[in-house]
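Hi everyone, thanks for coming.

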Amino acid sequence: MALKVVCYINQFFAGLGGEDMAHTGPCIERKAVGPAMQIDNLLGGDGWVAGTVICGDSYYGEHIEEAREKCLEYIRDMSPDLFFAGPAFNAGRYGVACGDIAAAVAQKLGIPCVTGMYSENPGVELYRSKTFIVKTVDSARGMKQALEKMVELGKKLVSNEPLRPADEEGYFHRGIRKNYFHERNGAQRAVDMLLRKISKEDYRTEYEMPVFKRIKPAEPVKDLSKATVALVTSGGIVPRGNPDRIRVSSAETYGKYNISGIEDLTPEIFESVHGGYDRVWANEDPDVVLPVDVLREMEREGVFGKLYDYVFTTTGTGTAVANAERFGREIGEQLKKDGVDAVILTST
Amino acid sequence: MRLELRNVFVKDVQWGEKTEISGGVLRINREETIAAVSNDQRFVEINLDLAKPGESARIIPVKDVIEPRCKVEGPGDVFPGFIGDPCTVGEGATLVLKGCAVVTCGPIVAFQEGLIDMSGPGSRYNPFSETNNVVLTVVPQEDIEKHAYEEALRIAGLRLAWYLADKCRDAEPDEKKVYEKGSIPEENAKYPELPKIAYFCMSIAQGLLHDTFLYGTDLKHVVPTVIHPNEKMDGAMVSGNCVSACDKNTTYHHLNDPVIMELYSRHGKDLNFLGVIPAPEDTRLSGKERSTSFCANLAKMLGADGVVISEEGYGNPDTDLCMNAKKCEDLGIKTVVISDEAAGTDGKSQGLADATPEMTAFVSTGNVNEMVELPAMKKVIGYPEAISNLSGGAEESLRPDGSLFVELQAIIGSTNELGFSRIGARWI
């Protein structure tokens, strides 16, 4: 089946004019215009360009919501199988427009979308996670190669052919890690990389170090004797039977459990479902991980004002940092709302 | 130190009258073999099963995998401290039943054992779908304490591996491989120009069923030390680990350590392999400081130009990995690390629990959280219901038709951080 393709280009590539025409609003030509004609050629017998949406760069940038809506409307009407935007090379406003419309089409119409940009185009960082952006040189002298790569990738996406990693396919990766089989085993790759590093030859790490957010600790509690203290744990202590089905590892949820009136976490009412440590003793006495018993004593002694009525719990093993961050944010918000002054976090 | 590995290829394994190998077929007398490993009052019953490459079989939950080996020449015996006396091994000759593995199986710690599929899509993720497996399952005494159960099964597995090799000790080897390397000054004199490389074999040593053994002693009581690579081939390091299956180093991995194989194969050509430093991963920060300081200092005292650092496990061991890399780089010693990632089921999360800018050379052995679809197998050896308790599994993982939808981490050895397999996570 021949693919129905729609393209997006700016006023310049549509031949309307340069900066003087950058305020042109969105319009549609029901044929291939400018670079879209080359796309039509490159598609050969596999498809044809049914329409070209055109918009001035300044217009798109200054009226981003309206421009996106209008362009989407044109594109939706033509119900394409595949969508191309640009390529934008190093043109910043054009890059943002291409990224934005490609991301919107991918999200709203669920069809493969491909654009092309130079690595320093601001559109890359803004939209790389939402659309495929083929790597191009910084100017239109690379038009032919850029379009070839875009069309090749687009066809591959439509055919559902498994993709090779981003660097091999020639697009900016979308921030997703996926498993592949290399030619050589990990040990062989490691020794190779080390020898190259020692002899100061080029080498490429397989994973760039993530940068961790540093959270500033809260101010110390002024008067502990009046403070409400909460217990939060990643040690997997849950009511017996794990009512919320928190996963034993790689947790994607956490639980909130009422401990008001509970003096001691006994094995009859609580247990550990953590998949990353030996639970023998935690199951004999869950207080070793979530020390409700000791905190009740301290509460009675007046060391602090009150133990918060709920505990939050999850299993911290193999848990994706993105999930952990979300748990922290949500739990923090609830504690803050309930006027908790301090939290004891127990981990395992 | 010179060690000859005499490999006898095992192409098939069958039950037989007599335990022996001929024509590539390992025959096992089931009753005699069970009797040979049943000298432990902690077991009520011992079972042996066979699982062969290509078979529609799933083994679950797997605790350890061990390659059958025994010493045929030279001092001591394999698995010193367990089978042989705890005196130096790595010299002489060792018989290896290549293509065969002992698999120990049992729900010791719910959650922390893995599975092996002998065919289908799961088989490409683990090396033990390609070995002829002798599977040992035991029924322990009812009131047995977990730690005693682990120890009993660990020792029974080692004994079985030794026993099978010992019964074949007169077999004609199909292949002989010699691993020879002199003292560090001798090798330095031979190869003065080559970069000197040490290897930190980081190993979980955290107690609570997360243990590794060196010459029979618990590594958590040991500060990092130096051993000759040959020692590992004779079983100096043994797994006692009940940790997430994908990236624990089974005893089989230690025996066939791919980092050692690679460094040995390039020794005298483009590098000078100094030796192996078993490096405990402690649970406590002070323990991590101690262990990594010893490692970096040992590398410096050995005159290393570079170090290969392999991790075991994920999560808190990422901190040991960072500290080892940073402390070496601070001393001017170049490092490469081998580690897996926990990037979430969607692959979008950052993959490490800790990071340091000095870790500039990173070899990825895959995202442990990636989901895999495993069809039902005709035969299940072990305890299939255990999947709901495995790390990487959830109760809904086991479908009524016997198929599984689980994280890669449920498959044993799938993201092994010695770099045993070819898998790695890449950007898309």
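Let's start with a definition: a residue is buried if 20 or more other C-beta atoms lie within 10 Å of its own, exposed if 12 or fewer, and partly exposed in between, with the C-beta atoms placed from the backbone. Please keep in mind that this is a predicted model, where local features need pLDDT of at least 70, side-chain atom pairs count only at pLDDT 80 or more, and totals for chains, interfaces and linings use all residues. Residues are numbered from 1 along each chain as its sequence is written, while chains are lettered from A and ligands numbered from 1 in the order in which they are written.

One more term before we look around: helices (H or I, at least four residues) and strands (E, at least two) are DSSP runs, numbered from the N terminus.

Now find strand β8 of chain B, residues 92–98. Five of its seven residues are buried, so β8(B) is largely enclosed by the rest of the structure. Who are its partners? We say that two strands pair if DSSP finds at least two bridges between them. Strand β1 of chain B, residues 2–9, pairs with β8(B) in the parallel sense over seven bridges, and Arg6(B) stands opposite Leu95(B) there. Strand β7 of chain B, residues 69–73, runs antiparallel to β8(B) and is joined to it by four bridges. In that pairing, Glu73(B) has Ala93(B) as its bridge partner. As background, strands of a sheet pair through backbone hydrogen bonds, either parallel or antiparallel.

Staying in chain B, let's move to an open sheet. What is the order of its five strands? It is β17-β13-β18-β19-β20 of chain B, with parallel pairing. The edge strands are β17 (272–281) and β20 (362–367) of chain B, and each pairs on one side only. From one strand to the next, the twist averages 15 degrees. For angles like this one, axes are lines fitted to C-alpha atoms, for helices over the stretch in contact, and the angles run from 0 to 180 degrees between N-to-C directions.

Inside this sheet, five bridges hold β13 (residues 196–204) and β18 (residues 306–310) of chain B in a parallel pair, with Ala198(B) opposite Val307(B). Two helices pack on the sheet as well. Helix α7 of chain B, residues 285–301, touches β13, β17 and β18 of chain B, and its direction makes about 170 degrees with that of β17(B). Helix α8 of chain B, residues 317–330, touches β13, β17, β18 and β19 (334–341) of chain B, at about 165 degrees to the direction of β19(B). By contact I mean that the C-beta atoms of two residues, placed from the backbone, lie within 7 Å.

On to where the chains meet. Here 50 residues of chain A are in contact with 69 residues of chain B. Which element of chain A gives the largest share of its side? That is α8(A), with eleven residues. The residues on this side of chain A divide into 24 nonpolar, 15 polar and eleven charged. In this count, Ala, Val, Leu, Ile, Met, Phe, Trp, Tyr, Cys and Pro are nonpolar, Asp, Glu, Lys and Arg are charged, and the others, Gly among them, are polar.

There is strand pairing between the chains too: β7(A) and strand β24 of chain B, residues 423–427, run antiparallel and are joined by five bridges. Asn179(A) stands opposite Ala425(B), and Arg177(A) has Trp427(B) as its bridge partner. Four of the five residues of β24(B) are buried, leaving the strand mostly covered.

Last stop, a helix pair in chain A. The axes of α1 (residues 35–43) and α6 (residues 143–159) of chain A come within 10 Å and cross at roughly 55 degrees. That makes α1(A) oblique to α6(A); angles under 35 degrees count as roughly parallel, over 145 as roughly antiparallel, 65 to 115 as roughly perpendicular and the rest as oblique. Pro35(A), Gln38(A), Ile39(A), Leu42(A) and Leu43(A) of α1(A) meet Met143(A), Leu147(A), Glu148(A) and Val151(A) of α6(A). Those residues divide into seven nonpolar, one polar and one charged.

That's my tour, and I'm happy to go back to any part of it.
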